[in-house]
There are 2 protein chains.
Amino acid sequence: MKSLKYLRLFFVLLLLTNTLFAQTTDPLPSWNEGAVKSKIIEFVHKVTTKGDPDYVVPHKRIATFDNDGTLWVEYPMYTQVLFAFDRVKELAPLHPEWKTKQPFKALLEGDMKTVGKSGMKGLVEIIMATHSGMTEDAFNAQSAKWLKTTQNPHFKHLYKELVYQPQLELLNYLRANGFKTFIVSGGGVAFMRSVSQEVYGIPTYQVIGSSIVSKYKKVEGENELVRVPKINFINDEAGKPVGIYNHIGKRPIFAFGNSDHDIEMIEYTKETKGLSLALFVHHTDSSREFAYDRKSHVGKLDKALDRAKTEDWIIVDMKKDWKTIFPFNLK
Amino acid sequence: MKSLKYLRLFFVLLLLTNTLFAQTTDPLPSWNEGAVKSKIIEFVHKVTTKGDPDYVVPHKRIATFDNDGTLWVEYPMYTQVLFAFDRVKELAPLHPEWKTKQPFKALLEGDMKTVGKSGMKGLVEIIMATHSGMTEDAFNAQSAKWLKTTQNPHFKHLYKELVYQPQLELLNYLRANGFKTFIVSGGGVAFMRSVSQEVYGIPTYQVIGSSIVSKYKKVEGENELVRVPKINFINDEAGKPVGIYNHIGKRPIFAFGNSDHDIEMIEYTKETKGLSLALFVHHTDSSREFAYDRKSHVGKLDKALDRAKTEDWIIVDMKKDWKTIFPFNLK
């Protein structure tokens, strides 16, 4: 049986090639060598190696990532807020009352100082005016279109392109090792879902976020979900573990955030039974991105920086640990 | 290159074997041949065949299943209600006040008529008393233990075994064809999740259900989610499309229910763009399971039976369409 002999040889060669390939291919090429990268790879190796005391069965390999400032740019202002501002300008002709009503008046006049002074109350009014009153499909189309066609003036790239290359590699690496990757963000869930599959390879049903109430009703003879101007859930701070429990039903074993708003998600993850890994992006790179932390108005990283000194939380130094920041920087 | 020639031959043979195997293996052996089975197989074939006008990309292949009466037995009383009744009996020594307080008094005395008369209000009291006040982990352990050790007196099998074999095959068949299978039930999400992976192969994060509020707080020094006696969301009737939108973020292309409580989920699914399939289990089998529909106190199937006559909804006749009902009936 000469054919069998050749076949056997073929499979042995195939196996050898795969093994060699696995040993020589870096799964995280945009991460610089160092303690952080080693810890990630060591963690993934342990939880996926059968027989290892830290082995975790695939359906428990849950990884959660914050979005703003962890997977994409959030500075100097959250992308979704900029979307809402643009929508106000687009919708203004339909709302003559905005000419005299704050904070819309100020926004339309470009008076951002007055908009800022309107605080959270003003922001919620702007969000509700731009994020409700339409069907889910209409909103999805609006937000997807904006993200795919609007340029960030600082980076001169589309908003959907301002995602961190090292994190895209990490998401792929985790998925290749049997993890389910989830977004767990304070941002609006529908806004993120409109591009999550395309941008991160994360399906809509693995995106957890804040939401407004939806009602099932007839619109022009069709059964639709209509977004109404009422907050349903705020998936932020202590809301993150609640959102994770409501959606996933179990604790993550891996969590990645970038601000004090992620502390509860990190605590919840680190108190899971068995091995877990928790990381924060520290924005330290004023030349390639931005440098901000303890005193920032977005993505404030203060308490977490202190607690990371004594707890088993990893601080990822963007400047030091990331070789490349954005996909469009790849050579 | 004789080896290459052998290799090529080997792969051709492998391909042929696979094709033959695919053609001769019935993916739904517990479904009787007939119109219903043909429609399911035809639908799956169309949406998974590249080039077919009805082809659907994998991440849009969303299938949603009701649970009670669709995946497992619900008659004469929902499994979760029976669990709550048993928990009241177990917890009674800690609640001396129940000896005089309705509906607990009646339940402890076995006076089910009075329990029934307490209606939805009484039932909610029983659910809250047995489903809140503990951490998520403690509740998961209690419900999993009950489902895995308690016998249904009618069938003389464990509750977790009273799942429909044809549906297990259908879930597997859909998943093998790139579908994501979700449970979308009026039942409590945590109760179902405690066995969904083991019983249906459905991970916790693909189970959508009703829920009570959870709070993130310290319990004995640990950060826990504690279940509090307040309803968070009722995932039933018009709540089902809302639950689907909040969790999945897109319309299913396949939905399976068994009662009028599933009508909105079915409508929402059938109005998706592109091909979709919608089915209802009709409980017609008084000898192998139960026969009930228009006048039943659980799983009432009335309006849906009428609407199925004119709409493109498939009624699955349990007696006629299912060869085997339960896994333990398999020879």
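Colleague: How many salt bridges does the rule find across the interface of chain B and chain A?

Modeller: Keep in mind that this is a predicted model. The criterion is a Lys or Arg side-chain nitrogen within 4 Å of a carboxyl oxygen of Asp or Glu. A:Arg251 and B:Glu224 pass, with N to O at 3.1 Å. Across the interface of chain B and chain A, the count comes to two.

Colleague: And which element of chain B gives the largest share of the side that touches chain A?

Modeller: Polar contacts turn up there too, with 27 residue pairs across the interface of chain B and chain A. Elements giving two or more residues to chain B's side include helix H1 (2–24), helix H10 (239–247) and strand E6 (222–233). The largest share is six residues, and the element they come from is E6(B).

Colleague: What area is buried between chain B and chain A?

Modeller: In contact there are 39 residues of chain B and 39 of chain A. On chain B's side, B:Tyr205, B:Tyr216 and B:Tyr245 lose the most area to chain A, together 20% of what that side buries. Carbon and sulfur atoms give 52% of the total between the chains, which is about 3,900 Å².

Methods:
Residues are numbered from 1 along each chain as its sequence is written. Chains are lettered from A and ligands numbered from 1 in the order in which they are written. This is a predicted model: local features need pLDDT of at least 70, side-chain atom pairs count only at pLDDT 80 or more; totals for chains, interfaces and linings use all residues. Side-chain values use heavy atoms; hydrogens and water are left out. Contact means heavy atoms within 4.5 Å. Buried area is the accessible area (1.4 Å probe) that two parts lose on being put together, summed over both. A polar contact is a pair of N or O atoms within 3.5 Å; within protein, one must be able to donate a hydrogen and the other to accept it, and residues adjacent in sequence count only if both atoms are side-chain atoms. Helices (H or I, at least four residues) and strands (E, at least two) are DSSP runs, numbered from the N terminus.
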